[in-house]
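This report describes selected parts of one protein model. The sequence and structure come first, and the notes follow.

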Amino acid sequence: MPKDIEAGPYHIRKANIQKTLTMEQIHTLLEASKGTPIHMQVFFNAFMGLGRQEINGLKYSDVDYINHTLSVERQLGKELKRNSDKSENTPLTKKELLLKLASSKRALPIPDYVFEAILEEKKRYERNRSHRMSQFLDADDICCSNYGKPRSKDFHWKYDKKLLRDAELPDIRWHDLRSTY
């Protein structure tokens, strides 16, 4: 059957204006997110367009501190093929996985504003590591708990809608914030 809808131009992304934030609204959201565990996730989503699983898979070793670039090499998520072996200690939702597509592996320039936030987060990471030596999981994750444990892909949901409401911003989905980028 022939298609009724004409094909659009290839590799052109259309953003729904009603589902995106202005730069002023993004800065309001960033200010509101300070002090919350998803502050860095908001940075990576809004300023670099990364997906939630890619964000949680980022490590400090992925940051090129000289050239100010970030290598996206893995994601943290749920493994599709599950074995019946229950002896693994790692939860199924927090496994390091390959990216969905080979083209998803990329190096992105880091905006100065985000680079400064990464450096501040690294200081916090080092402080937590030195204070909680025996309990700290030193996996080099950028977005992690105070004990170094990785975040699950759905961790931001607890804070996302509340942040938008409290900052009096439009009620958009987390993925729409990525589209804002």
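## Helix α5

Which exposed residues does the face of α5 turned away from its buried side carry? They are Lys 158, Arg 165 and Asp 166; exposed means over 50% relative accessible area, buried under 20%, and partly exposed in between, with a 1.4 Å probe and protein chains only. Helices (H or I, at least four residues) and strands (E, at least two) are DSSP runs numbered from the N terminus.

Asp 160, Leu 163 and Leu 164 are buried in α5, which spans residues 157-166. These residues lie on the same side of α5 because they cover an arc of only 95 degrees around the axis, the arc being that of the directions from the helix axis to the C-beta atoms. The buried residues of α5 pack against α1 (23-33) and α6 (174-180), where contact means heavy atoms within 4.5 Å. Just after α5, Glu 168 has a positive phi of about 55 degrees.

Met 133 sits in the loop between α4 (112-131) and α5. Met 133 counts as exposed because its relative accessibility is 69%. Its C-alpha atom is 9.2 Å from that of Tyr 147, 14 residues apart along the chain.

## The sheet

Three strands form an open sheet in the order β1-β2-β5, with antiparallel pairing; two strands pair if DSSP finds at least two bridges between them. β1 (63-64) and β5 (106-109) are at the edges with a single partner strand each, so one side of each has no neighbour in the sheet.

Two bridges join β1 to β2 (residues 69-72). Val 63 stands opposite Leu 70 in β2.

## Basis

The model is predicted: local features need pLDDT of at least 70, side-chain atom pairs count only at pLDDT 80 or more, and totals for chains, interfaces and linings use all residues. Residues are numbered from 1 along each chain as its sequence is written, and side-chain values use heavy atoms, leaving out hydrogens and water.
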